[in-house]
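Thanks for coming. Please have a look at the sequence and the model on the screen, and then I will go through a few places in it.

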Amino acid sequence: QVILNDLAIDHLIKPSLFLSGDFLDYFRISEDETLVYIADVSGHGASSAFVTVLLKNLTNRLQRNLRRKSSDDILYPARFLERINNELMDTGLGKHATVFVGIISASQRRLRYAVGGHFPMPVITFESGEAHFLEGSGPAVGLFDDPVWEEYELVLSGPFQLLLFSDGILEVLQAANLDKKEQQLLEL
(Lines give C-alpha, C1' and ligand atoms only; values in the text may rest on other atoms or scores of the structure.)
Protein backbone atom coordinates (compact mmCIF):
# COMPACT_ATOMS: atom_id res chain seq x y z
CA GLN A 1 0.00 0.00 0.00
CA VAL A 2 1.19 3.51 -0.90
CA ILE A 3 -0.03 6.80 0.57
CA LEU A 4 -0.17 9.70 -1.91
CA ASN A 5 -1.80 13.01 -0.91
CA ASP A 6 -3.63 11.28 1.96
CA LEU A 7 -4.99 8.60 -0.40
CA ALA A 8 -4.26 4.97 0.39
CA ILE A 9 -3.55 3.25 -2.93
CA ASP A 10 -3.15 -0.47 -3.38
CA HIS A 11 -3.15 -2.75 -6.40
CA LEU A 12 -3.13 -6.40 -7.29
CA ILE A 13 -1.92 -7.80 -10.58
CA LYS A 14 -2.53 -11.44 -11.43
CA PRO A 15 -0.18 -12.29 -14.31
CA SER A 16 -1.50 -14.28 -17.22
CA LEU A 17 0.37 -17.17 -18.79
CA PHE A 18 1.35 -15.03 -21.79
CA LEU A 19 2.40 -11.46 -22.46
CA SER A 20 -0.50 -9.04 -22.45
CA GLY A 21 -1.21 -5.35 -22.49
CA ASP A 22 -2.89 -4.70 -19.14
CA PHE A 23 -1.30 -1.80 -17.30
CA LEU A 24 -2.01 0.49 -14.37
CA ASP A 25 -0.18 3.38 -12.83
CA TYR A 26 -0.67 6.07 -10.21
CA PHE A 27 1.42 8.99 -9.08
CA ARG A 28 1.31 12.43 -7.49
CA ILE A 29 1.07 15.28 -10.00
CA SER A 30 0.97 18.05 -7.37
CA GLU A 31 0.80 18.45 -3.61
CA ASP A 32 -2.97 18.12 -3.98
CA GLU A 33 -3.65 15.90 -7.01
CA THR A 34 -3.05 12.23 -7.68
CA LEU A 35 -3.45 10.67 -11.13
CA VAL A 36 -4.59 7.05 -11.53
CA TYR A 37 -5.08 5.21 -14.77
CA ILE A 38 -5.64 1.74 -16.13
CA ALA A 39 -5.11 0.64 -19.71
CA ASP A 40 -5.81 -2.54 -21.64
CA VAL A 41 -3.94 -2.77 -24.93
CA SER A 42 -5.57 -4.81 -27.71
CA GLY A 43 -4.26 -8.28 -28.32
CA HIS A 44 -1.55 -10.24 -26.59
CA GLY A 45 2.12 -10.83 -27.15
CA ALA A 46 5.22 -8.70 -27.33
CA SER A 47 3.66 -5.83 -29.31
CA SER A 48 0.89 -5.35 -26.70
CA ALA A 49 3.40 -5.52 -23.87
CA PHE A 50 5.59 -3.02 -25.76
CA VAL A 51 2.70 -0.52 -25.77
CA THR A 52 2.57 -0.65 -21.96
CA VAL A 53 6.23 0.42 -21.93
CA LEU A 54 5.32 3.23 -24.31
CA LEU A 55 2.52 4.33 -21.91
CA LYS A 56 4.90 4.39 -18.94
CA ASN A 57 7.43 6.36 -20.97
CA LEU A 58 4.73 8.84 -22.02
CA THR A 59 3.50 9.41 -18.47
CA ASN A 60 7.09 9.97 -17.31
CA ARG A 61 7.56 12.53 -20.12
CA LEU A 62 4.29 14.30 -19.26
CA GLN A 63 5.33 14.53 -15.60
CA ARG A 64 8.71 15.94 -16.66
CA ASN A 65 6.98 18.45 -18.96
CA LEU A 66 4.81 19.62 -16.07
CA ARG A 67 7.85 20.11 -13.82
CA ARG A 68 9.62 22.04 -16.61
CA LYS A 69 6.42 24.01 -17.30
CA SER A 70 6.56 23.10 -20.99
CA SER A 71 3.17 21.31 -21.00
CA ASP A 72 0.33 20.80 -18.55
CA ASP A 73 -1.47 18.08 -20.56
CA ILE A 74 -1.19 15.67 -17.64
CA LEU A 75 -3.49 17.88 -15.55
CA TYR A 76 -6.46 17.26 -17.87
CA PRO A 77 -7.80 13.72 -18.29
CA ALA A 78 -9.13 14.29 -21.83
CA ARG A 79 -5.82 15.77 -22.98
CA PHE A 80 -4.00 12.85 -21.36
CA LEU A 81 -6.05 10.51 -23.57
CA GLU A 82 -5.29 12.69 -26.61
CA ARG A 83 -1.57 12.32 -25.96
CA ILE A 84 -1.86 8.54 -25.65
CA ASN A 85 -3.93 8.47 -28.84
CA ASN A 86 -1.32 10.47 -30.75
CA GLU A 87 1.50 8.22 -29.50
CA LEU A 88 -0.33 5.05 -30.54
CA MET A 89 -1.28 6.45 -33.94
CA ASP A 90 2.34 7.49 -34.53
CA THR A 91 3.75 4.03 -33.74
CA GLY A 92 2.10 2.40 -36.74
CA LEU A 93 1.74 -0.82 -34.70
CA GLY A 94 -1.98 -1.01 -35.35
CA LYS A 95 -2.61 -1.23 -31.61
CA HIS A 96 -5.37 0.46 -29.68
CA ALA A 97 -6.16 0.51 -25.98
CA THR A 98 -8.99 1.13 -23.61
CA VAL A 99 -8.07 3.57 -20.87
CA PHE A 100 -9.63 5.10 -17.78
CA VAL A 101 -7.78 8.08 -16.31
CA GLY A 102 -8.77 9.96 -13.18
CA ILE A 103 -7.32 12.82 -11.17
CA ILE A 104 -8.27 12.99 -7.51
CA SER A 105 -8.01 16.36 -5.75
CA ALA A 106 -7.64 15.92 -1.99
CA SER A 107 -8.47 19.55 -1.11
CA GLN A 108 -11.43 19.91 -3.46
CA ARG A 109 -12.68 16.37 -2.74
CA ARG A 110 -13.38 15.62 -6.37
CA LEU A 111 -12.53 13.16 -9.09
CA ARG A 112 -12.11 14.41 -12.64
CA TYR A 113 -11.89 11.64 -15.21
CA ALA A 114 -12.12 10.62 -18.85
CA VAL A 115 -12.99 7.29 -20.41
CA GLY A 116 -11.27 5.89 -23.48
CA GLY A 117 -13.50 2.90 -24.13
CA HIS A 118 -12.52 1.18 -20.89
CA PHE A 119 -14.69 -1.68 -19.63
CA PRO A 120 -15.72 -2.53 -17.04
CA MET A 121 -16.12 0.97 -15.70
CA PRO A 122 -14.55 1.67 -12.31
CA VAL A 123 -16.68 1.10 -9.22
CA ILE A 124 -16.98 3.75 -6.52
CA THR A 125 -18.19 3.14 -2.99
CA PHE A 126 -18.84 5.58 -0.19
CA GLU A 127 -19.38 5.14 3.57
CA SER A 128 -22.91 3.86 3.02
CA GLY A 129 -21.39 0.80 1.39
CA GLU A 130 -23.42 1.27 -1.76
CA ALA A 131 -21.36 0.58 -4.87
CA HIS A 132 -22.02 1.84 -8.36
CA PHE A 133 -20.19 2.10 -11.66
CA LEU A 134 -18.90 5.52 -12.68
CA GLU A 135 -20.77 7.04 -15.59
CA GLY A 136 -19.18 8.02 -18.85
CA SER A 137 -17.99 6.77 -22.17
CA GLY A 138 -15.62 7.66 -24.97
CA PRO A 139 -13.72 6.06 -27.83
CA ALA A 140 -10.72 3.82 -27.28
CA VAL A 141 -7.32 5.39 -27.91
CA GLY A 142 -5.28 4.56 -31.01
CA LEU A 143 -8.18 4.02 -33.42
CA PHE A 144 -9.03 7.47 -34.81
CA ASP A 145 -7.05 10.54 -35.84
CA ASP A 146 -9.11 13.19 -34.03
CA PRO A 147 -11.36 11.62 -31.40
CA VAL A 148 -13.00 13.72 -28.69
CA TRP A 149 -13.21 12.74 -25.03
CA GLU A 150 -15.50 14.25 -22.47
CA GLU A 151 -14.25 15.05 -18.99
CA TYR A 152 -16.47 14.00 -16.09
CA GLU A 153 -16.43 15.18 -12.50
CA LEU A 154 -17.62 13.56 -9.29
CA VAL A 155 -17.73 15.10 -5.81
CA LEU A 156 -16.14 12.78 -3.27
CA SER A 157 -18.24 13.48 -0.20
CA GLY A 158 -16.74 11.51 2.64
CA PRO A 159 -14.48 8.46 2.57
CA PHE A 160 -14.57 6.49 -0.67
CA GLN A 161 -13.05 3.57 -2.53
CA LEU A 162 -12.37 3.72 -6.25
CA LEU A 163 -11.89 0.27 -7.77
CA LEU A 164 -10.37 -0.13 -11.23
CA PHE A 165 -10.38 -3.42 -13.15
CA SER A 166 -9.19 -4.72 -16.47
CA ASP A 167 -11.60 -6.86 -18.47
CA GLY A 168 -9.73 -9.89 -17.10
CA ILE A 169 -11.92 -9.63 -14.00
CA LEU A 170 -14.89 -10.68 -16.14
CA GLU A 171 -13.12 -13.92 -17.04
CA VAL A 172 -12.86 -15.06 -13.42
CA LEU A 173 -16.40 -14.18 -12.31
CA GLN A 174 -18.70 -17.18 -12.40
CA ALA A 175 -21.99 -15.45 -13.30
CA ALA A 176 -24.01 -16.60 -16.30
CA ASN A 177 -23.83 -13.47 -18.46
CA LEU A 178 -22.28 -10.01 -18.63
CA ASP A 179 -25.14 -8.25 -16.79
CA LYS A 180 -24.89 -10.75 -13.93
CA LYS A 181 -21.10 -10.39 -13.85
CA GLU A 182 -21.44 -6.62 -13.52
CA GLN A 183 -23.97 -7.08 -10.72
CA GLN A 184 -21.62 -9.53 -9.03
CA LEU A 185 -18.80 -6.96 -9.23
CA LEU A 186 -20.98 -4.40 -7.44
CA GLU A 187 -21.97 -6.91 -4.79
CA LEU A 188 -18.38 -7.94 -4.13
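I need one definition before I start: a residue is called buried when its relative accessible area is under 20%, exposed when it is over 50%, and partly exposed in between. Keep in mind also that this is a predicted model.

I begin with helix 4, which covers residues 178-187. Which residues of helix 4 are buried? They are K181, E182 and L185. If you look down the axis of helix 4, these buried residues fall within an arc of 100 degrees, so they line one face of the helix. The face turned away from that buried side carries D179 and E187, which are exposed. What do the buried residues of helix 4 pack against? Their partners are strand 8, residues 131-133, and helix 3, residues 168-172. At the start of helix 4, N177 places a side-chain oxygen within 3.1 Å of the backbone nitrogen of D179.

Next, the nonpolar cores. The largest has 26 residues. Those with the most contacts inside this core are L35, Y37, I74, F80, I84, V99 and V141. Five elements are listed as giving two or more residues to it: strand 3 (22-28), strand 4 (33-41), helix 1 (46-68), helix 2 (77-91) and strand 5 (97-105). Another core, of 24 residues, lies apart from this one, and its members include L4, Y26, V36 and F133.

Take F80 as a case. Setting aside neighbours within four places in sequence, what does F80 touch? It is in contact with L35, Y37, T59, L62, D73, I74 and V101.

Now the loops. K69 sits in the loop between helix 1 and helix 2. K69 has a positive phi, about 65 degrees, although it is not a glycine. With a relative accessible area of 74%, K69 is exposed, because the cut-off for that word is over 50%. R109, in the loop between strand 5 and strand 6, is another non-glycine residue with a positive phi, near 50 degrees. Its relative accessible area is 33%, so R109 counts as partly exposed.

G45 belongs to the loop between strand 4 and helix 1 and is partly exposed, at 23% relative accessibility. G45 and G21 are 24 residues apart in sequence, while their C-alpha atoms are 7.9 Å apart in space.

Last, where is the cis peptide bond? It joins F119 and P120, with omega about 0 degrees. P120 lies in the loop between strand 6 (110-116) and strand 7 (123-126).

Key
Residues are numbered from 1 along each chain as its sequence is written. This is a predicted model: local features need pLDDT of at least 70, side-chain atom pairs count only at pLDDT 80 or more; totals for chains, interfaces and linings use all residues. Side-chain values use heavy atoms; hydrogens and water are left out. A nonpolar core is a set of buried Ala, Val, Leu, Ile, Met, Phe, Trp, Tyr and Cys residues joined through side-chain atoms within 4.5 Å. Buried means under 20% relative accessible area, exposed over 50%, partly exposed in between (1.4 Å probe, protein chains only). Helices (H or I, at least four residues) and strands (E, at least two) are DSSP runs, numbered from the N terminus. Contact means heavy atoms within 4.5 Å. The arc is that of the directions from the helix axis to the C-beta atoms. A polar contact is a pair of N or O atoms within 3.5 Å; within protein, one must be able to donate a hydrogen and the other to accept it, and residues adjacent in sequence count only if both atoms are side-chain atoms.
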